[in-house]
Structures are given as C-alpha cells and as structure tokens.
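Hi,

Here is the structure I promised to pass on. Have a look at it first, and then read my notes below.

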Amino acid sequence: MIHRNLLGIGATFVVALGVVGLTFSASVEDPADFRFINGTEPKSLDPQIVTGQPEGRIADAIFEGLTYREPSSLRPVPGAAESWVISEDQTVYTFTMRPDAVWSDGTPVTAHDFAWTWRRLQEPALGAEYAYILHMVKGAEIYNTYAAAASALEGPIATALATLRADHVAGVDADAWQTFVATEHVNDYVKGTKNALLLRVISQREGSLDAALLEQVADALAAEATRRRTAHAYSVQHFGIDEGVFARDDTTLVVELIAPTPYFLELTAFYPTYPSPRHIVEAEGNAQNWFLPGKIVTNGPFLLESWKVNDRIRLRKSATYWGRDDIHVEVVDAYSIENATTSLNLYLTGAVDWVPATYPVDLVDTLKKRPDFYKNPGMVVYYYRFNTSRPPFDDVRVRQAVCLSIDRKLIVEEVLGLGQLPATHFVPPGLAGYEPPNSELPATLDLERAGELLAEAGYPGGKGFPKISILFNTSESHKKIAEVIADQLRRNLGLPVEAHNQEWQAYQDSTRLLKYDIARAGWIGDYLDPNTFLDLWVTNGGNNQTGWGSPVYDRLIQAAGEVGAFVRDPDALVAKLREPDRARAILADVAASTDQAQRIAAEGRLRMHLFREAEAILVQDEFPVMPIYFYVVSGLVAPHVQGFYSELTDAEGNKSANLQDLHPVRGISLRAATSSGGDR
Amino acid sequence: MTSSATVVPTAEKGTSLGADAWRRLKRNRVALAGGIALVLIVTACFVLPVLLGMDPETTDPTRKNLPPSLQHFFGTDTLGRDYLARVLVGGQTSLLVGLAATAAVVIVGVLYGAVAGYYGGRVDEILMRFVDFLYGIPYMFLVILVMLMFSDTERGNPIPVFFALGLVQWLAMARIVRGQVLTLREREFVLAARVTGAGDMRIIVRHILPNVLGIVVIYATLTVPAVIILESFLSFLGLGVKLSWGQLVAEGVSVVNPIDSYWWLLFWPSVLLALTLFSLNFLGDGLRDALDPRTRR
Amino acid sequence: MNESRFAGAQWMAIGVAVLTLVIGLAIGWREAAVIGLGTGFIAGTAWWSAAMVRVGGSLMLAGVVWIFAAPNLGPGAAALVVTGVAALTWKFLPTRVQRRVCFMLPSLVMLIFVTSMLMYMAPGNPFAQEKVASPQVEEALRKLYGVPRDPTEFFIIYMKRLVLEGSLGPAIKVQGRTVQDLLMPALPVSISLGLLALILACGIGLVLGIRAGLKPNSAADYSSMALAMVGISLPNFVIGAGLMIVFSLSLGWLPVAGWGGYPHLILPALTLALPYAAYIARLARGGTIEVMQQDFVRTARAKGLSESTIIVKHALKGAILPVVSFLGPAAAGILTGSFVVETLFGIPGMGQWFVKGAINRDYSVVLGTAIIYCTLVTAFNLFVDLAYAWLDPRIREER
C-alpha cells in the first residue's frame with residue numbers, strides 16, 4: 001500500500017515536471033540588443049487603425065511614411081519620398097518617390113501605395129480614428145464622413161425632428177432644442193456646413209424656436225443631406241484616384257490641400273499616413289489580421305519578427321530597407337508590461353534599457369536624482385471637468401470658486417515634483433505663434449474671492465452644498481491628485497467632497513453620460529497647434545462631456561478653421577471679441593498683404609488670435625473645466641543607449657523640448673562593450 | 001467517521017458543552033492570546049480614531065513620506081497624511097468587509113450544506129456537483145464581474161464588495177457543513193426525533209444545526225482572513241473601493257525598493273493585517289480543539 | 001433512510017423557482033425562463049437512470065468532439081471519429097464519469113449564458129474608445145465582432161459560432177486574433193507555472209507539516225507553523241515583492257520578472273505556492289498527529305522500528321490523505337489564482353487574460369477564459385477524486 005502511494009506520487013510529480021520542462025524547451029530566445037518597456041499590449045499594427053504610444057513606437061520602427069522624423073530634431077526628412085515640391089500657394093505637394101524604397105518582400109514602394117493607403121484611411125467602413133488628421137486633403141473629409149452624415153440627416157435626425165415638431169406645435173424652447181441637438185449628434189453631421197440658418201440655430205441656447213423656423217430648419221437639413229450625398233458620390237469617383245491625393249505615375253505622388261497647412265509635412269511622418277502593403281492587405285481579404293507575424297510586409301527599418309501577446313514584440317533590422325546602413329541595432333524587444341513596479345525592477349536589474357514613464361510615481365523624488373533619468377515638458381494638459389448640466393456646477397460662480405481654491409503650485413511642487421507647470425490655461429505653453437490670454441486662475445489660492453463667489457451662489461462657507469465626488473479612473477497618480485484636491489476643497493471651501501475611482505470603462509461611461517460632479521481628464525495634443533486643445537469645447541462636441549456650450553466659442557473655433565471665410569465677413573464676430581482692436585489690426589495686415597506668403601502669415605496670426613479669444617472664454621468667464629497642470633514626460637534610459645534625445649536640436653542649432661515624447665528606435669545605437677545597463 | 005464523537009444536543013447539556021469548551025479554550029494560551037489581540041485590534045480600529053479625533057484625509061504634501069516619529073507614530077504617507085490614522089481607519093473597512101462577507105457565507109453555506117447533507121442521495125449529489133462546478137469558475141472572475149456590475153454607482157459603495165467576496169467563499173462552508181450533517185443524520189437522536197414524528201424542517205433547525213455550530217464558528221474565523229486577503233487582491237488590481245488594509249498594502253508594495261524605500265508604508269498595514277489573520281487563525285484553531293471532543297483527554 | 005428518491009427535491013424546486021423569480025423581477029422574464037429551465041434540467045440529471053446517463057454522456061462527449069473535429073478534419077472523417085468516441089465512451093467510461101459529463105456540459109452552457117448577462121450589466125462596452133467614435137462606426141464594429149446590444153442575442157451568436165465553427169470568437173481589444181489564438185499560447189504557461197507551484201506547495205507543506213506533527217507543541221512545531229502562517233497572512237503580491245527584492249534586486253540570483261527561461265519560473269512559482277504550502281502544512285500536521293497516536297504506530301515503535309521507517313511508512317500516509325482531498329480545490333485555486341502573480345512578474349499566462357478581458361469588456365475573451373478554466377479544473381477535480389478512491393479503498397466502497 002505505502003509503496004503504491006509513493007510510486008503514484010512520484011510518478012505524478014515526474015509527469016508534472018516533464019510537462020513544465022516541455023513547455024519551456026521551445027520558448028528560450030537569444031537576448032535582444034535593445035529592450036524597452038512598451039506599456040499596454042498593442043491593439044493592432046495596422047498603421048491606419050492604431051492609436052496610442054505603444055502602437056506608435058512599433059509602427060514607427062516597421063513602417064516608413066513619405067518622410068520620417070530625424071531623431072535628434074524630429075523634423076521630417078525624406079523617407080519613402082526622395083524629394084518634394086510645394087506649390088506657391090502652399091496647397092499642392094508633389095512628392096517624388098525614392099527609387100530604392102522596397103517592401104520587405106522586394107516589391108517596390110510606389111506612389112500608388114500611398115494614394116491607396118490614404119484613401120483607405122478615409123474609408124468609412126474602416127472606422128479609422130485618425131482619419132480626421134488628413135481632412136485638409138481635398139475630398140478626404142467628404143469621402144470619409146458625408147455618406148454617414150447624409151444617412152443620419154435623412155434618417156434618424158429627420159424622424160426625430162418630425163417628432164419634435166409634432167410634439168411642440170407652438171414652438172420649441174431652447175432647452176428642449178439643445179437636448180435634441182445633443183442626443184442626435186446634429187453638430188457632428190452638419191459640421192462644416194455653409195448654411196447660415198443651421199449655424200445659428202444649432203448654437204441657440206436662449207429663447208425658443210417657432211414652428212415656421214423649425215420647418216425652415218427641416219428643409220435646410222434635407223438640403224444639407226442632398227448636398228452631402230452628391231458630394232460624396234463625386235468623391236467616391238475621384239478621391240485618391242485623380243483628386244486630393246493621387247499617383248501621377250509610379251514615382252510621383254500629388255497631394256492637394258484645401259488650405260495651406262504648415263504642419264502637413266510632419267503628418268507625413270505620423271503613422272496614420274504610413275503606407276499599408278496593398279498587395280498583402282487585399283490578399284488577406286481585408287481581414288484585420290494581415291499585420292500578424294508571418295503575413296505582414298513592411299517598408300521601414302525594422303521587421304516584425306515575432307509577437308507574443310502579453311509578453312513582447314521582437315523586431316529585427318530589415319535587410320531590404322534603403323537606409324539600412326544607418327540602423328545600428330539588430331534585434332529590439334518591446335515588452336508589453338503595464339505594472340510600474342515590475343517595469344522599474346526590470347530596468348534596475350539591467351533586463352531592459354529604456355523605461356518610458358512606467359515607474360512607481362511615489363519613487364520619483366529618488367529617481368529624479370539619478371543620472372539616467374530624463375524628463376522634458378509634454379504637450380499634455382491635466383484637468384478636471386465640471387458637469388455643468390446639473391447643480392451645483394451648473395452655476396458658473398461655483399465653478400469659479402472651485403477653480404480658485406486649489407493650490408496648483410503645491411500640487412506640482414510637492415505631489416508631482418518633476419517640474420510640471422501649474423496650469424492656469426488650457427493650452428500648454430510652447431506652441432509656436434500662440435500667445436495665451438490672461439487668466440483668472442491663480443497658480444496658488446484666492447480664497448477670499450472664492451468665498452465670495454460661493455456665498456453669492458447661495459452656499460456661504462459651504463453651507464447647504466450637496467455632497468459631491470471627484471471621479472477619476474483608477475491609477476496611483478490620479479488618485480493622489482484627486483485626494484489632495486478633495487482635501488483642499490474640503491478645507492478651503494468647506495465643501496463635502498469625496499474622491500472616487502472607477503475602472504476605465506465605467507469611468508468613460510460615467511463621463512459620457514454626464515453621471516459625475518467633477519471628473520478627471522487629460523488631453524494629449526495630436527499636433528502642435530492650439531486647435532487640438534480648443535476644439536474639444538465646442539457645443540456637444542464628442543469629447544466635451546461637460547454639457548457646456550457657448551455660441552460665441554463655437555463661432556470662434558469655426559472661424560479659426562476657415563480664416564479665409566472669416567476675413568471676408570469679420571464684423572459680426574469681431575464685435576463680440578474681448579480685444580477687437582487687436583483683431584482689427586491683424587485684419588488690416590491681411591488686407592494690406594502684397595504677396596501670398598505675407599497673406600498666409602497674417603492669416604496665421606489672425607487664426608492664433610481667434611484661438612486666444614476662445615481660450616479667454618474658458619479661463620476668464622465660463623470655467624467649464626479646471627486646468628491643473630501641464631505634464632512632464634519622463635523615464636529612465638540606460639547610459640549605454642545612444643541616440644536618445646529629450647532635448648531637440650534643429651538644423652540651425654536651436655534647442656527645443658521633445659514635446660511629443662518621441663524617441664524613434666531607428667536612431668538608437670548602443671555604446672560598445674557594455675554588458676548590462678542599469679546599476680543596482 | 002469514527003464513533004467516538006458524542007455530541008448530545010439537548011439544551012441544558014448544550015450549555016455545559018459550551019462551558020466545557022470555554023474552559024478548554026481558556027487553557028489554550030495561544031488561542032487566548034489570539035482572541036485578546038483581536039479584541040485589541042478591533043478596539044483600536046473602531047474606537048481610537050473617534051476618541052482621538054484622528055483624520056486620515058487631511059493632506060499636507062510638504063510633510064510627505066516622513067518616517068515614524070513621536071509626532072506620527074506610523075510616519076506619514078506620500079501625501080503627508082498621518083499613517084496611523086489611515087491604517088486604523090483602513091482596518092475598519094477590512095474588518096467590516098471580512099465580517100459582513102462571512103455573515104453572508106455562513107447563512108448561504110449552512111443552509112445549502114444542511115439541505116444537501118440531510119437529504120443525501122440524488123439531491124446531495126447534484127448540489128455538490130454544483131458546488132464543484134462553481135469551484136471551477138475562477139473566483140476572482142466572479143468577484144470582478146460583480147464589482148464591475150456595480151461600478152457605475154457614483155460614489156464608492158462597499159456593499160458590492162461584501163456581496164462579491166461572500167459569493168465565492170460560501171462553497172467551502174457548504175461542503176464542510178454538508179459533510180458534518182451527513183454523519184449527524186444517521187445518529188440516534190435524529191432517528192429518535194424522526195420517530196416522534198418531527199418534520200424535516202424541525203429536525204434540521206432544532207437538532208442538526210446546533211451540532212454543526214462548532215465547525216461553522218471555526219470555519220467562519222478562517223473565512224474572515226480569506227476575505228480580507230481577497231479584498232487586497234482587488235485593490236492590487238485597481239478595483240478596490242474604499243480605504244482598506246488591502247489598499248494600503250498594495251500601495252505600500254510599490255514604494256519599497258532597494259533604491260529607496262518608505263518601508264513604513266508597507267510595514268504597518270502588513271503587520272496589522274498579519275496580526276489580525278494570525279489571531280483569527282489561532283483563535284479558530286483553538287476553537288476547533290476546544291469544540292472537538294476527541295481532543296479531550 | 002431515504003424514504004423516497006425525491007426526498008429534498010422540493011427544496012431544490014423551491015430554490016430554482018426563487019432564482020427564476022428574482023432574475024425575472026431584476027433582469028427580465030426571458031432571461032429568467034432560460035435560467036429556470038436550464039437549472040431545472042441540470043438538477044434533473046440527478047434522477048437520470050444509469051442507462052440514460054450512459055447514452056446522454058456519450059452523446060454529449062461525441063458532440064463536443066464533433067465541434068472541434070468537424071472544422072479541422074472535414075465532416076466525413078469527423079463523423080467517423082465521433083462515432084468511435086461515442087461507442088468507446090458508452091462502452092468503457094465509468095457511469096460515475098458519465099454522470100459528471102451529463103452535469104458539466106449543460107452547466108457550461110449555463111455559465112456562458114449567465115456570464116454574458118453579467119457582462120452586459122457592467123457599464124461600458126468593448127468598443128468604447130477614448131475619442132468618441134460615430135454611432136455608425138460602433139454599429140459596424142458590433143456587427144463585425146458579433147456583439148449586439150442585447151445579451152441574449154449575443155449568447156445565441158456566441159453559441160452558434162462555438163457549435164458550428166468550434167471557435168471562441170474574435171478578440172476585440174487585440175485585433176486580428178481569435179480568442180483561441182490568444183489563449184492557446186497562454187494556457188501552457190499557466191499550467192506549467194501552476195504545476196510547479198503545486199509541486200512546491202506539496203513539498204514545502206508536507207515537510208513542514210510532518211516536522212511539526214511528529215513533535216506537537218515543540219519548538220519545531222511552533223517554528224514550522226509560524227512559517228506557514230506567514231504564507232497565509234500576507235497577500236501574495238507582498239510575498240512576491242519580498243522575494244523579488246531579496247533574490248533579484250539585492251542578491252541578483254534570479255531574473256526579477258519576465259518569461260523565457262527556467263530561472264524566470266522560480267520566483268513566481270514560489271510566490272504562488274506559499275499560501276497553499278501553508279494550508280497543506282496545517283493539514284499534514286493534523287494528519288500526522290492523528291496517525292502517530294494510533295495503536296499500530298505505538299506498536300511499531302515498541303517493536304523498535306527506526307524513526308525514519310515509521311515516518312516513511314506511517315506518518316507520510318497519515319499526512320498525505322487529508323492533503324489529497326485538499327488538492328482539488330488547491331489546484332483550482334492555483335490554476336485560477338495566478339492573475340496577481342502573472343501581473344506582478346509580467347508573465348503571459350491565462351490569469352492576465354481574464355482580468356484584462358473583464359476590464360476591457362472583451363466579452364469573448366472573458367467567456368473563453370471562463371470555459372477553459374472551468375473545464376480544466378473540473379477535469380482535475382475528477383482526476384483527484386479518482387486518485388483518492390485509488391488511495392483510500394474506503395471511499396471506493398462508499399460510492
């Protein structure tokens with residue numbers, strides 16, 4: 001009996017160990033040359049689909065756009081395109097393709113690949129989040145959005161409007177009207193319309209709309225739908241074929257823009273515009289799996305060698321890349337690790353060479369003293385939203401009082417401690433040409449004024465104030481800030497505030513459905529322009545999520561988007577500006593400009609002024625959001641890693657900050673004869 | 001089962017049984033120490049913060065990360081809050097979660113186990129299969145699902161946590177009770193009750209349940225720590241709701257590192273957590289020995 | 001003592017009825033009906049006769065084989081295989097096992113249904129992105145991935161895909177892969193980690209437990225038990241972090257995290273094993289004490305047998321029996337409870353998937369992990385039961 005026991009147990013153990021051993025025998029790999037923590041698991045590697053930094057780092061390494069970012073300056077330099085010519089009015093770019101640019105299967109990269117890919121980015125069925133970044137290309141937005149808009153206008157919106165009219169024969173008050181506009185996303189579907197009536201009523205928030213006006217609106221919407229359908233039908237025939245972006249021949253790509261876009265070349269080095277291999281994507285039947293290892297074909301400096309989900313992505317230097325002689329690392333491992341402690345520990349033991357940002361925030365005081373720690377300002381604003389759709393934050397005085405009662409300076413210096421800037425504006429500093437307006441928001445406290453405002457709003461000393469919560473999505477750093485702010489509001493204003501976390505999905509639901517009082521948020525600029533920050537707050541905009549809206553604000557953002565149109569008829573809006581004289585002076589410059597370049601420059605300044613006026617509404621009168629601080633991006637990089645720039649140097653030798661925190665793998669080289677990076 | 005167990009279920013003998021067990025428990029110094037420690041911890045967590053007006057919320061970032069001193073016995077945390085206050089108030093949540101979830105476990109587990117064990121046969125078979133099946137579902141998965149279901153409540157509400165944690169712990173209780181009942185139902189006093197015409201319900205409530213009480217109490221003392229640990233996993237995964245030991249420990253883990261460590265942020269909640277669980281375990285063991293007639297010598 | 005085969009069934013009927021009522025009031029009557037009928041059917045299998053069980057079990061197993069064979073082998077070969085499986089299981093599989101099959105498979109279907117409902121009740125959905133997508137895009141994605149807005153419809157689509165294609169569906173948050181593509185590489189990782197942890201837990205637990213049990217209330221007893229208590233009293237992410245700090249960061253002996261070689265396995269397996277080792281130690285201690293008090297051990301001692309012989313021949317046996325019955329739940333815990341360890345050590349196993357799946361609301365991933373775990377653990381429990389019956393003949397007779 002006992003021998004049988006021992007035998008059985010022994011056999012079980014041996015079998016178990018055997019299983020363990022077998023699973024391992026196949027999985028051991030050689031070490032990589034350069035290893036870094038890539039954060040979240042990439043969702044996809046289809047350049048038109050992906051969003052987010054982890055995906056972007058890989059896409060930048062395996063694909064190449066018309067240009068790529070030179071690592072030390074991040075300026076676009078010739079990539080798949082060898083050279084280009086820009087027309088005098090800066091709206092037509094003609095690229096000449098590089099003759100030795102090939103896909104990793106040997107097929108040449110042609111202008112047709114780019115024309116097809118850029119049309120693919122706008123394909124409505126693909127649902128690409130970043131489609132909008134090329135909407136300045138002629139016909140792109142029409143191809144991308146007009147069909148859906150026309151269907152919505154003819155379908156659900158027309159039906160809902162008919163119901164609204166039937167229910168309110170005598171006319172609709174502005175509140176009910178705005179509810180209709182918001183729930184039916186009318187804004188999104190008439191975006192860019194020239195119809196003055198529609199523009200006016202959509203931001204109407206006062207008074208009421210009578211039956212006759214509503215009938216006109218219904219007609220205007222129907223006309224808008226027809227216009228969109230026609231335009232879309234035209235773009236299907238032409239966009240990407242002989243209009244907007246098209247290949248004149250295999251080596252010549254022509255891009256036509258609606259308006260001059262100073263940052264257009266930068267976009268050609270941004271992953272949504274990278275070419276997808278048409279011959280592979282179509283061979284896989286457009287299924288979303290052509291980018292898996294074994295199938296994928298790329299044109300960048302690295303190849304995707306393997307992709308182990310939740311473990312790592314392995315890249316290997318491409319032997320077919322035209323610039324292969326300038327690539328200095330052979331094998332790169334990108335680890336999909338989210339846990340901050342684990343990331344830091346891997347770095348400290350020399351198992352990885354680069355840790356971008358994912359280290360325990362509480363250790364920052366120690367880490368920032370290390371020589372291998374780097375930091376640079378980021379183009380990111382950290383802010384709190386107010387839910388302006390219900391009490392108590394429907395009252396602007398309450399919002400302002402709260403904005404005045406948090407000590408931003410204390411937060412950045414003592415809680416964050418990396419040299420973050422207290423945010424008294426919404427648009428981060430450092431955007432070329434943009435001069436922010438004055439702000440009513442102090443860096444520290446203005447408790448006297450806050451107390452007055454709160455008393456005026458009917459809550460003297462916080463008496464009678466309802467219990468409110470600060471909602472944040474689960475994260476160590478958000479939690480710290482929320483708890484400090486809750487405590488400051490509690491002590492400074494006597495408000496009953498509680499910090500409350502939800503995991504990401506629930507948090508998104510809550511903010512979208514306006515089920516919160518105050519909610520944490522952050523916004524990363526998509527491009528170096530105030531618009532990426534300020535167009536968030538147009539009435540009912542998808543990312544607004546505060547319930548706030550202002551007709552003047554909406555018109556300012558719209559005017560900035562179409563400066564040409566604004567210049568032709570500026571008076572109505574200029575009358576509403578805070579600094580009309582300044583606007584008039586720039587308008588005079590525009591009128592006085594003698595050549596194209598001067599005019600473009602003056603219009604650019606006018607555009608910046610409109611943004612300044614718009615931001616003034618946010619930080620001087622309305623306070624729908626409470627900016628808290630501007631990010632500093634930071635991380636740890638081993639000393640033997642070369643070609644890593646947290647400060648950029650352009651061709652003229654000017655220094656600037658690496659605002660977008662881009663560190664292309666293609667620029668990395670390793671100092672020889674160093675065995676392991678981090679010290680203990 | 002051996003036939004040496006001689007639990008007799010009449011009322012007056014029941015008290016003498018209790019007294020007997022109490023006497024033996026008092027002799028078990030380890031268990032007694034566990035009980036006393038437990039009382040002290042509970043008192044400290046629930047009474048001290050109120051009595052001394054401690055405030056676990058007031059931040060002072062200029063006094064952050066201070067090691068233990070006379071001003072702050074447990075030091076301060078990363079926002080300069082008094083860590084002693086936080087640990088004690090966190091204990092309230094942890095202990096409450098542990099007790100509330102255990103109460104749920106006891107009710108569900110005992111009922112389920114008693115029905116399965118008393119009727120036996122097919123009913124038992126299927127009920128226990130079901131328990132086995134639920135064992136196969138990752139418990140954390142159930143907890144996470146329940147937590148997510150309730151996660152849109154606008155303010156942190158700990159009730160879903162009780163519910164979710166209780167949901168996965170009753171299985172073992174049901175198994176244990178069922179095992180006991182299975183042997184009890186064959187005993188003379190049950191047969192006697194049956195002969196006198198008592199209904200099933202009455203037999204279960206009056207004769208069987210009092211006899212499984214001992215093991216239920218023992219197992220309950222072991223459930224409380226299990227629930228507290230489970231709650232700490234939730235905090236580790238970022239699904240925790242309230243200030244609790246689990247949350248403090250999860251946060252503390254990230255600030256202990258050879259390059260720099262605010263060790264007290266991990267040390268204090270861990271010590272209190274471990275102390276509580278130690279005490280509960282020793283008390284549970286002591287209770288088991290005291291209530292198990294076979295150890296009487 | 002059972003007057004009737006149906007004694008107690010009334011309680012189960014009441015239970016099912018109450019469940020149905022509660023779900024009907026809280027969620028909807030359609031869902032309640034499905035759950036009521038489903039649990040009723042599953043409970044009913046207890047009263048199936050042996051013959052019914054044999055036929056039903058064989059058919060169900062054959063069905064499962066068909067689901068996975070048909071897409072891979074083609075219908076002809078699959079039919080052949082399935083017939084073979086049905087015949088063989090009908091002939092040779094013990095009724096006890098068949099009965100489990102009859103219970104398990106309908107229960108798995110119920111699990112899928114209930115889980116779908118729970119997932120849909122949680123706020124958020126798999127298509128929510130940080131930047132709001134247009135409703136058209138969301139509708140298109142919902143169609144593409146087979147995730148309609150109604151949980152029952154989702155359940156039907158999911159089951160259809162599972163039965164007809166043998167597929168666990170497309171993953172949503174990691175595109176281009178099906179759920180089985182994701183889980184198949186993760187499964188051996190979790191199993192090997194779990195098995196090693198189980199071996200360590202048994203080894204450590206038995207040594208500590210027997211050592212303590214041989215001399216109760218001695219210093220050896222207290223020190224062993226105190227060591228075991230540490231394993232129970234601290235969450236294993238604390239233990240894991242401690243091991244990391246000592247063995248990786250300070251001593252530099254083992255890799256701190258990651259996956260790729262045998263050394264990567266040691267710390268996570270140890271972390272996972274310690275709480276279970278502690279339980280096993282306590283069980284083994286109790287078992288040893290009990291067996292050492294038995295008369296035959298005293299006799300053996302009196303006969304002058306050496307202490308080591310006594311330990312191997314008697315103490316070990318006494319220690320192992322209670323441990324074996326704990327192995328079922330322990331294995332379930334170790335295999336399913338590895339998510340914390342996997343997160344802490346950056347290991348690409350299954351545990352990460354059901355946490356990530358739930359947090360991302362990636363419905364198919366959630367269901368896939370639940371199905372695989374449940375099957376695995378049930379199979380393991382069955383194996384343990386059979387082993388127990390083999391080790392302890394008394395159990396065999398009782399069944």
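In strand 9 of chain A, Ala247(A) has Leu253(A) as its bridge partner, and Val245(A) is partnered by Val255(A). Helices (H or I, at least four residues) and strands (E, at least two) here are DSSP runs, numbered from the N terminus. Strand 9 covers residues 252-256 of chain A and pairs with strand 8 of chain A in the antiparallel sense, over four bridges. Two strands count as paired if DSSP finds at least two bridges between them. A hairpin through two residues links strand 8 of chain A to strand 9 of chain A.

Before I go on: this is a predicted model, where local features need pLDDT of at least 70, side-chain atom pairs count only at pLDDT 80 or more, and totals for chains, interfaces and linings use all residues. Residues are numbered from 1 along each chain as its sequence is written, while chains are lettered from A and ligands numbered from 1 in the order in which they are written.

Which order do the four strands of the open sheet in chain A have? The order is 4-5-9-8, with antiparallel pairing. Strand 4 (81-86) and strand 8 (245-249) of chain A are the edge strands, each pairing on one side only. On average, neighbouring strands of this sheet are turned by 25 degrees against each other, direction ignored. For such angles, axes are lines fitted to C-alpha atoms (for helices over the stretch in contact), and angles run from 0 to 180 degrees between N-to-C directions. Helix 3 (residues 111-122) of chain A lies across strand 5 (92-97), strand 8 and strand 9 of chain A, and runs at about 165 degrees to strand 8 of chain A.

Two backbone details in chain A are worth a look. Pro391(A) and Pro392(A) are joined by a cis peptide bond, with omega about 0 degrees. Pro392(A) sits in the loop between strand 14 (373-386) and helix 13 (396-404) of chain A. The other detail is Leu74(A), which has a positive phi of about 60 degrees although it is not a glycine. You'll find Leu74(A) in the loop between strand 2 (67-69) and strand 3 (76-78) of chain A.

As for domains, the bounds come from an automatic or database domain assignment. Chain A is divided into domain 1 (2-139 + 242-367), domain 2 (140-238), domain 3 (378-526 + 624-632) and domain 4 (550-622). The centres of domain 2 and domain 3 of chain A, taken over C-alpha atoms, are separated by 34 Å. Chain C has domain 1 (3-127) and domain 2 (179-395), with 31 Å between their centres, again over C-alpha atoms. Twelve residues of domain 1 of chain C are in contact with eleven residues of domain 2 of chain C; contact means that the C-beta atoms of two residues, placed from the backbone, lie within 7 Å.

Now the helices of chain C. The axes of helix 3 (residues 50-73) and helix 5 (residues 95-121) of chain C come within 8 Å and cross at roughly 60 degrees. That makes helix 3 of chain C oblique to helix 5 of chain C (angles under 35 degrees count as roughly parallel, over 145 as roughly antiparallel, 65 to 115 as roughly perpendicular and the rest as oblique). Helix 5 of chain C also meets helix 7 (residues 151-165) of chain C: their axes come within 9 Å and cross at roughly 135 degrees. So helix 5 of chain C is oblique to helix 7 of chain C. Among the residues that meet there are Phe113(C) and Met117(C) in helix 5 of chain C, and Phe154(C) and Tyr158(C) in helix 7 of chain C.

Last, the chain B and chain C interface. Here 41 residues of chain B are in contact with 44 residues of chain C. Which helix of chain B gives the most to the side that touches chain C? That is helix 5 of chain B, with ten residues.

Cheers
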